[in-house]
Amino acid sequence: MRSLFTIGLIASWYASNIGVLLLNKFLLSNYGFKYPIFLTLCHMMACSLLSYIAIEWLKIAPMQRVKSRLQMMKISALGFIFCLSVVGGNISLRYLPVSFNQAVGATTPFFTAVFAVVMTSKREGWITYVTLVPVVAGVIIASGGEPLFHLFGFMMCIGATAARALKSVLQGLLLSSEGEKLNAMNLLMYMAPIAVLALFPAALYMEKGVVGITIALARDDWKFLIYLLFNSALAYFVNLANFLVTKHTSPLTLQVLGNAKGAVAVVISILIFKNPVSITGMLGYLLTVAGVILYTEAKKRSM
């Protein structure tokens with residue numbers, strides 16, 4: 001019975017992760033809703049509301065209170081970086097196919113290793129750094145072979161990937177003491193409202209008339225409102241599924257599943273959006289994934 005429950009959790013994690021990615025792409029690129037900052041704002045509002053409900057009412061995780069102004073400032077810094085990573089990822093989906101977006105996103109271990117050395121002076125064994133060579137080389141090859149390559153989209157995707165890695169390193173630094181550590185669900189509950197406060201004025205200023213346009217689209221096509229609400233809720237369930245899978249398996253299992261998830265997302269996105277792919281691009285992506293798998297194995301052995 002327990003194994004069935006775990007399989008169900010993993011299936012939900014896959015479905016929510018790939019679903020939100022494909023729905024983001026559909027709304028921002030195919031549907032023509034060209035407002036990634038506002039879309040991210042909707043995600044963060046859903047995360048703010050649903051994470052509070054999950055913790056306070058449904059008791060998914062124990063409530064952890066912020067104990068000091070300093071701790072809140074640290075959480076705010078993480079929330080801002082978290083916000084940048086999500087916005088960058090959504091902006092990149094306007095210009096890049098999901099397959100290439102996932103190839104670039106797979107380089108997160110490279111940026112994590114760089115930030116760990118720069119910010120904490122923490123060094124890994126030489127074999128760990130060697131495994132990062134195919135990770136980076138694969139993306140370089142994939143970039144050269146990507147038929148729909150877009151420089152601005154690529155830069156946004158790299159920025160989002162780097163921000164995601166920076167957040168994980170900073171989280172270990174800023175919330176390192178036992179009294180300040182927060183589980184993933186509580187951290188999301190505090191970070192999401194901070195992201196909303198940052199994104200709301202940014203959306204109004206940088207995406208002129210977006211509120212009126214969204215309301216008009218919802219009036220003209222009720223399905224758009226369903227897409228937007230479902231997409232926003234799904235953005236929260238990605239985090240919830242992530243938390244539950246880690247809780248009932250292990251962080252290492254999540255890493256392995258994440259490697260496979262990227263490949264599944266690539267195949268499904270190509271089947272749905274029918275974006276052109278080249279042999280060079282796919283070989284580059286496979287090289288990156290192989291590098292990530294080797295990196296995970298090297299990290300596991302060095303522990």
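For the classes used below, Ala, Val, Leu, Ile, Met, Phe, Trp, Tyr, Cys and Pro count as nonpolar, Asp, Glu, Lys and Arg as charged, and the others, Gly among them, as polar. The structure is a predicted model.

**Exercise 1. Describe the largest cavity: its volume, its lining and the helices that contribute to it.**

Solution.
1. The count gives 1 cavity of 30 Å³ or more, and the largest cavity has a volume of about 90 Å³.
2. Its lining consists of 13 residues; Ser-99, Phe-100, Glu-146, Gly-281 and Met-282 are those nearest the centre.
3. Helices α4 (98–105) and α12 (279–302) each supply at least two lining residues.
4. Sorted by class, the lining has 9 nonpolar, 3 polar and 1 charged residues.

**Exercise 2. Determine which residues touch the most other members of the largest nonpolar core, and which elements build that core.**

Solution.
1. The largest nonpolar core holds 59 residues, and Phe-38, Met-44 and Leu-199 touch the most other members.
2. Two or more residues each come from α1 (2–30), α2, α3, α7 (151–174), α8 (184–206), α10 (222–248) and α11 (251–273).
3. Of these elements, α8 gives the largest share, 12 residues.
4. Leaving aside residues up to four places away in sequence, Phe-38 is in contact with Phe-33, Ala-203, Glu-207, Val-210, Val-211 and Thr-214.
5. Another core, of 11 residues, lies apart from the largest one; among its members are Ala-103, Val-139, Cys-157 and Tyr-285.

**Exercise 3. Compare the span of helix α2 with its expected value, and characterise the residue with positive phi that follows the helix.**

Solution.
1. Helix α2 covers residues 36–57, which makes 22 residues.
2. From first to last C-alpha the helix reaches 31 Å, close to the 32 Å expected at 1.5 Å a residue.
3. After α2 comes Lys-59, located in the loop between α2 and α3.
4. Lys-59 is not a glycine, yet its phi is positive, at about 55°.
5. Lys-59 has 58% relative accessibility and therefore counts as exposed, the cut-off being over 50%.
6. A further case is Ser-121, a residue other than glycine with a positive phi near 60°.
7. Ser-121 is placed in the loop between α5 (108–120) and α6 (126–144), and its relative accessible area of 58% makes it exposed.

**Exercise 4. Is Gln-71 buried or exposed, and which residues does Gln-71 touch?**

Solution.
1. Gln-71 belongs to helix α3 (residues 69–95).
2. Because its relative accessible area is 1%, Gln-71 falls under the 20% limit and is buried.
3. Beyond residues up to four places away in sequence, Gln-71 touches Arg-65, Val-66, Leu-175, Gly-179, Glu-180 and Leu-182.

Terms used: Residues are numbered from 1 along each chain as its sequence is written. This is a predicted model: local features need pLDDT of at least 70, side-chain atom pairs count only at pLDDT 80 or more; totals for chains, interfaces and linings use all residues. Side-chain values use heavy atoms; hydrogens and water are left out. Helices (H or I, at least four residues) and strands (E, at least two) are DSSP runs, numbered from the N terminus. The expected span of a helix is 1.5 Å times one less than its number of residues. Buried means under 20% relative accessible area, exposed over 50%, partly exposed in between (1.4 Å probe, protein chains only). Contact means heavy atoms within 4.5 Å. On a 1 Å grid over the protein atoms alone, a cavity is a set of points where a 1.4 Å probe fits but cannot get out, and a pocket is an open set with protein on both sides within 12 Å along at least five of seven lines; lining residues have an atom within 4 Å of a point. Grid points are joined across faces, edges and corners, and a volume is the space filled by probe spheres set on the points. A nonpolar core is a set of buried Ala, Val, Leu, Ile, Met, Phe, Trp, Tyr and Cys residues joined through side-chain atoms within 4.5 Å.
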